[in-house]
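Dear colleague,

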Amino acid sequence: MDKVIIFGAGEVGIKAFYEYNETNTVVAFVDNDVNKWGKKIKDLYVLRPDQLKDIRYNKIYIASLAREEIFNQLTNELGIEPNIIEYYSIDINFDARLTYLRRIADEIKEKNIQGSIAELGVFKGEFAKHISRNFETEKFYLFDTFEGFDLRDVLAEVQLNYSNASSGEYFNNDINLVLDKLHNNHRCIVKKGYFPETFEGVTDEFVFVSIDVDLYLPIYEGLKAFYPRMKKGGYILIHDYNSVRFTGAKEAVRKYCRETGARYMPLNDISGSVVIIK
């Protein structure tokens with residue numbers, strides 16, 4: 001039985017834990033995110049990479065989309081033997097979400113539904129990059145604090161016992177890093193700050209919206225803001241519906257749909273996205 005390290009303390013890492021802990025012993029999570037260090041996931045501490053030298057293990061599984069960078073970090077910076085490092089396979093699951101995006105874009109174009117698009121929860125722009133390539137000309141709104149989770153949302157999250165989120169988690173204030181990834185970025189409108197305050201004054205109707213903010217309150221507020229503005233036949237794609245860490249995401253979707261009669265369909269990708277069609 002191997003003593004396993006999982007490098008990546010996010011959703012993918014938790015899925016890897018469930019898979020590998022059945023036949024091996026997972027001894028710790030490791031992550032590069034300073035906000036996760038010292039916290040517990042599945043009763044295991046999240047360690048700094050340099051703490052690997054202090055524990056015993058004989059296998060490392062990289063459970064992150066940045067796997068090549070992490071492999072180089074482990075081998076070149078930390079001197080870990082390459083033969084004990086393996087990748088947790090996530091490409092198929094991640095591609096499932098991109099496949100849904102492509103099919104949604106095709107439907108909207110074939111039906112000639114006109115309107116703007118938006119993403120609430122941009123972080124470093126990886127999913128926004130794909131949105132911009134599937135919707136090439138639409139006005140594209142980018143809503144994010146660009147300073148990580150807001151304390152107001154975190155307090156609600158903790159009070160409702162939905163997650164162990166912390167203020168500032170998923171911090172990225174480099175807006176140009178995001179814009180440089182986007183196709184036809186001259187049509188993009190960056191709305192930096194706390195949502196729904198940043199939605200004030202927006203009068204557009206939308207054909208596609210991605211909501212990827214993890215936490216209960218901003219997901220619920222996002223649905224309240226966007227759903228009434230969706231064109232008939234438009235789509236809202238919400239990430240983390242089946243998240244094992246951010247359990248408030250599911251309740252936010254269900255609560256809004258109970259209140260309005262909107263209908264949703266769960267999808268089979270990482271963190272279990274859900275789609276709402278107007």
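Predicted model: local features only at pLDDT ≥ 70, side-chain atom pairs only at ≥ 80, totals over all residues.

Residues are numbered from 1 along each chain as its sequence is written, and side-chain values use heavy atoms, with hydrogens and water left out.

**The chain as a whole**

The secondary structure comes to 8 helices and 13 strands; these are DSSP runs numbered from the N terminus, a helix being H or I with at least four residues and a strand E with at least two. Along the principal axes, the C-alpha atoms fill a box of roughly 55 × 40 × 30 Å. The radius of gyration is 19 Å, which agrees with the value near 19 Å for a compact globule of 278 residues; this radius is taken over C-alpha atoms, and the globule rule is 2.2 Å times the number of residues to the power 0.38.

Of the 278 residues, 52% count as buried. Buried means under 20% relative accessible area, exposed over 50%, and partly exposed in between, with a 1.4 Å probe and protein chains only. The chain exposes about 13300 Å², of which carbon and sulfur atoms supply 48%; accessible areas come from the Shrake-Rupley method with a 1.4 Å probe. Among contacts (heavy atoms within 4.5 Å) between residues at least 6 apart in sequence, 67% join residues at least 24 apart.

Helix 8 covers residues 248-260 and has 13 residues. From first C-alpha to last it reaches 18 Å, close to the 18 Å expected at 1.5 Å a residue, where the expected span is 1.5 Å times one less than the number of residues. Which residues of helix 8 are buried? They are Gly248, Ala249, Ala252, Val253, Tyr256 and Cys257. These residues lie on the same side of helix 8 because they cover an arc of only 170° around the axis, the arc being that of the directions from the helix axis to the C-beta atoms. They pack against helix 5 (151-159), helix 7 (216-226), strand 11 (230-238), strand 12 (264-266) and strand 13 (274-277). Gly261, with a positive phi near 80°, follows helix 8.

In helix 2 (residues 67-77), the buried residues are Ile70, Gln73, Leu74 and Thr75. Their packing partners are strand 1 (3-7), strand 5 (59-62) and strand 6 (85-87). Helix 2 is followed by Gly79, whose phi is positive, near 70°.

**Salt bridges**

The structure holds 16 salt bridges, each a side-chain nitrogen of Lys or Arg within 4 Å of a carboxyl oxygen of Asp or Glu.

- Lys36 pairs with Asp31, the closest N and O atoms being 3.9 Å apart, and both residues are buried.
- Glu107 pairs with Lys111 at 3.4 Å between the closest N and O atoms. Glu107 is partly exposed at 31% relative accessibility, whereas Lys111 is exposed at 54%.
- Lys129 meets Glu126 at 3.2 Å, N to O. The two are 3 residues apart in helix 4 (residues 126-134), so about one helical turn separates them. Lys129 is partly exposed at 23%, as is Glu126 at 38%. A network of salt bridges links Glu126, Lys129 and Lys181.

Yours sincerely
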